[in-house]
Amino acid sequence: MYRLASSSSFSSSHTTLLHNKLSPFLLRRNRRHQSQRLHRRNYQVRAMRAVIQRVSSSSVTVDGRIVSEIGPGLLVLIGIHESDTDCDADYICRKVLNMRLFSNETTGKGWDQNVMQRNYGVLLVSQFTLYGFLKGNKPDFHVAMPPDKAKSFYASLVEKFQKVYNPDAVKDGVFGAMMQVNLVNDGPVTMQLESPQSSKSETKASTES
């Protein structure tokens, strides 16, 4: 004897079947939304970036020739955002030169002295790929400052470092060139730094007032 399934059980099984069919679609949609949120988040980052490495030595080679080199000190990769201002440059310069990444040889205390206190070298290298993000599998760098504007901005940043510290101790690479950067990371010690977002708001407010 056959028994008719109730309408509620039929509705439930129908809903389950429909959900199973839609699951791959829902999964793809969720992944797409997550990717879009990540993409929007990349657009929202507005800061100068620096990657600082404590090194025993570092050098920059262009066309087979060493153009800059330092002994112990800091190798600093600089990423310039299209909206960066002098406020961002001042912040990065101040923070990098005052980072206590070195031991005090007198007291033996670690993480106690900055690069200036040790009279070590600083090698700056412009690195627009710090502002790269993936669109699919292809890197996109459009939020980095355009080269024609970034060249003079980067040059002014190098001058800031030299003025605050010592012109002879601060070296740099060749802007826009294909460089081979060699280093011996001491530690290893690597720090990441971004200028505060608030500097953009302060600059905008002072411009509008």
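A crossover is right-handed if, with the strands pointing away from the viewer, the path from the first strand over the helix to the second runs clockwise. Helices (H or I, at least four residues) and strands (E, at least two) are DSSP runs, numbered from the N terminus. The model is predicted: local features need pLDDT of at least 70, side-chain atom pairs count only at pLDDT 80 or more, and totals for chains, interfaces and linings use all residues. Residues are numbered from 1 along each chain as its sequence is written, and side-chain values use heavy atoms, with hydrogens and water left out.

View A. S3 (residues 73–79) has seven of its seven residues buried (under 20% relative accessible area; exposed is over 50%, partly exposed in between; 1.4 Å probe, protein chains only). Strands pair if DSSP finds at least two bridges between them. S1 (residues 49–62) runs antiparallel to S3 and is joined to S3 by seven bridges, with Val51 opposite Leu77. S4 (residues 121–126) is parallel to S3 over six bridges, and Gly73 faces Gly121.

**View B. The β-α-β unit.** S3, helix H2 (residues 86–98) and S4 form this right-handed unit.

**View C. Phe102 and Tyr120.** Rings of Phe, Tyr and Trp (its six-membered ring) pair if their centres lie within 6.5 Å; planes under 30 degrees apart count as stacked, over 60 as edge-to-face and the rest as tilted. By this rule there are three aromatic pairs. The ring centres of Phe102 and Tyr120 are 5.2 Å apart and their planes are at 75 degrees, so the pair is edge-to-face. Both residues are buried.

**View D. Phe128 and Phe141.** This edge-to-face pair has 5.1 Å centre to centre and 80 degrees between the planes. Phe128 is partly exposed at 47% relative accessibility, as is Phe141 at 29%.
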